[in-house]
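Please look over the sequence and the 3D structure below.

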Amino acid sequence: MNTLRVNGVTVARGAGPVIRDVSLELVPGRITALVGPNGAGKTSLLEAISGVLPIASGSVHIGPHDLTRQSRVGRFRRGLAHIEQGRAVFGGLTVLENLRLTARTGEQVDQVLALFPELAKRADSPAALLSGGEQQMVVLARAFAANPAFLLIDEMSLGLAPVVFTRLLPVVSRFAAEGAAILLVEQFTHLALDIAQDAVVVSSGRVTHQGPAPDLLASPATLHTAYLGESR
Ligand SMILES: Nc1ncnc2c1ncn2[C@@H]1O[C@H](COP(=O)(O)OP(=O)(O)OP(=O)(O)O)[C@@H](O)[C@H]1O
């Protein structure tokens, strides 16, 4: 069983490092919540893992394969997908056509639509006509349809009402239960920790806490300290 290992990664952006010596591991079947204050470096870390941003030092491996200097496409071929913040649907294409962009077989499309009954009903509608929540479902479904072993998800709640967003979380859990390893960045910290097994807190580009998500959820003091940038 391959894991994705981030080992001592440092990422520079603009004036200096925004990620410093970060290590974490993504394990099949598990969700890791990556939380921390605004500007902590969560998006930059996801971008470094998927190859959007170069890694200044450290490494990213999937099993024995070193991805550190690989292109985005090379990493995708190894099973790593990244839903970037603000990722949009192809509005002129129908829901089905959006899914066919990434699915390799019709069976994969059917499997994904089974996870999202709302989308199955709107399969032939242009994606632009869907609500914001439904469009975010299409974005998620399109990523699931490629059947990635490792999935990085950045702020899928952006622009959505919490009630709409909470509809998406059980689907993410189901996808993990089917074997995917997921790294979830989310502004609604408690909702993310609630569905995650593992938690990583970053503050000012450094990991300040790492451990089981339920433990962090049960200890607001630990979460608060980690957000302030202190380890304990
Ligand atoms: N395009 C950029 N050029 C230079 N610096 C950037 C750029 N984007 C972000 N930064 C800086 O990198 C640091 C980390 O930002 P990043 O967006 O990764 O944090 P974040 O934890 O995802 O924040 P948020 O929760 O607000 O989205 C911040 O200091 C930010 O100002």
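## Terms and source

Two residues are in contact if their C-beta atoms, placed from the backbone, lie within 7 Å. Helices (H or I, at least four residues) and strands (E, at least two) are DSSP runs, numbered from the N terminus.

This is a predicted model, in which local features need pLDDT of at least 70, side-chain atom pairs count only at pLDDT 80 or more, and totals for chains, interfaces and linings use all residues. Residue numbers start from 1 along each chain as its sequence is written.

## Helix α6

The buried residues of α6 pack against β6 (80–83), α3 (95–100), α4 (106–115), α5 (117–121), β7 (150–154) and α7 (162–177). A residue is buried if 20 or more other C-beta atoms lie within 10 Å of its own, exposed if 12 or fewer, and partly exposed in between. In α6, 12 of the 14 residues are buried, among them Met137, Leu140 and Phe144. After α6 comes Asn147, with a positive phi near 55°.

## Nonpolar core

A nonpolar core is a set of buried Ala, Val, Leu, Ile, Met, Phe, Trp, Tyr and Cys residues joined through C-beta atoms within 7 Å. The largest one has 67 residues, and Ala33, Ala141, Ile182 and Leu184 have the most contacts inside it. Helix α6 (residues 132–145) gives the most to this core, with 8 residues.

Ile182 touches Ile31, Thr32, Leu151, Ile153, Val172 and Ala176, leaving out residues up to four places away in sequence.
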